[in-house]
Amino acid sequence: PPAPWPRRGLGALSWPAFKACEPHVVLLGVTALAGCAAAAPALWLALWRAGVLGMAVLAPTLAVARVARGLRRQAVDREFDQWFHACE
């Protein structure tokens with residue numbers, strides 16, 4: 001099972017942001033926006049702009065944070081060693 005939501009530290013703030021960028025969550029948001037476009041075009045435009053701006057800031061920030069975390073914890077090297085360890 002996936003790791004639970006961290007209850008303290010920076011992870012408590014970044015975990016929901018990572019979850020918001022998952023493909024199925026983004027797809028549900030776009031579907032809701034499509035329904036909003038049919039009902040209230042002016043509201044749709046404001047929500048669309050806010051969503052695009054939010055993702056334009058959030059996604060690269062989270063990507064850089066994930067890479068920095070992996071490098072700091074040396075998780076990349078450990079995982080590489082596990083996958084490509086030469087059989088003796």
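Biologist: Which class does the relative accessible area of arginine 78 put this residue in: buried, partly exposed or exposed?

Modeller: Buried means under 20% relative accessible area, exposed means over 50%, and partly exposed is in between (1.4 Å probe, protein chains only). Arginine 78 has 48%, so this residue counts as partly exposed. Arginine 78 sits in helix H4, residues 75-83. By the way, this is a predicted model, where local features need pLDDT of at least 70 and side-chain atom pairs count only at pLDDT 80 or more, while totals for chains, interfaces and linings use all residues. Residues are numbered from 1 along each chain as its sequence is written, and side-chain values use heavy atoms, without hydrogens and water.

Biologist: How far apart are the mean positions of the positive and negative charges?

Modeller: Lys and Arg count as positive, Asp and Glu as negative, leaving out His and the chain ends; each charge is placed at NZ of Lys, CZ of Arg, CG of Asp or CD of Glu. The chain has 9 positive and 5 negative charges, with mean positions 17 Å apart.

Biologist: And which residues form the nonpolar patch?

Modeller: Val26, Val30, Trp48, Val52 and Met55, with about 380 Å² of accessible area together (Shrake-Rupley method, 1.4 Å probe; for residues, only the protein chains shown count as cover). Helix H2 (23-39) and helix H3 (41-72) each give two or more residues, and the largest share, 3 residues, is from H3. Valine 26 belongs to H2; its relative accessibility is 32%, so valine 26 is partly exposed.

Biologist: How many helices and strands does the chain have?

Modeller: Helices (H or I, at least four residues) and strands (E, at least two) are DSSP runs, numbered from the N terminus. This chain has 4 helices and 0 strands, in the pattern α-α-α-α.

Biologist: What is the radius of gyration of the chain?

Modeller: That radius is taken over C-alpha atoms, and the globule rule is 2.2 Å times the number of residues to the power 0.38. The chain has 18 Å, whereas a compact globule of 88 residues would be near 12 Å. Its C-alpha atoms fill a box of roughly 65 × 30 × 25 Å along the principal axes, and 6% of the 88 residues count as buried.

Definitions and conventions
Patches are made of residues with over 30% relative accessible area and no salt bridge: like charges are joined within 9 Å, nonpolar side chains (Val, Leu, Ile, Met, Phe, Trp, Tyr) within 5 Å. A salt bridge is a side-chain nitrogen of Lys or Arg within 4 Å of a carboxyl oxygen of Asp or Glu.
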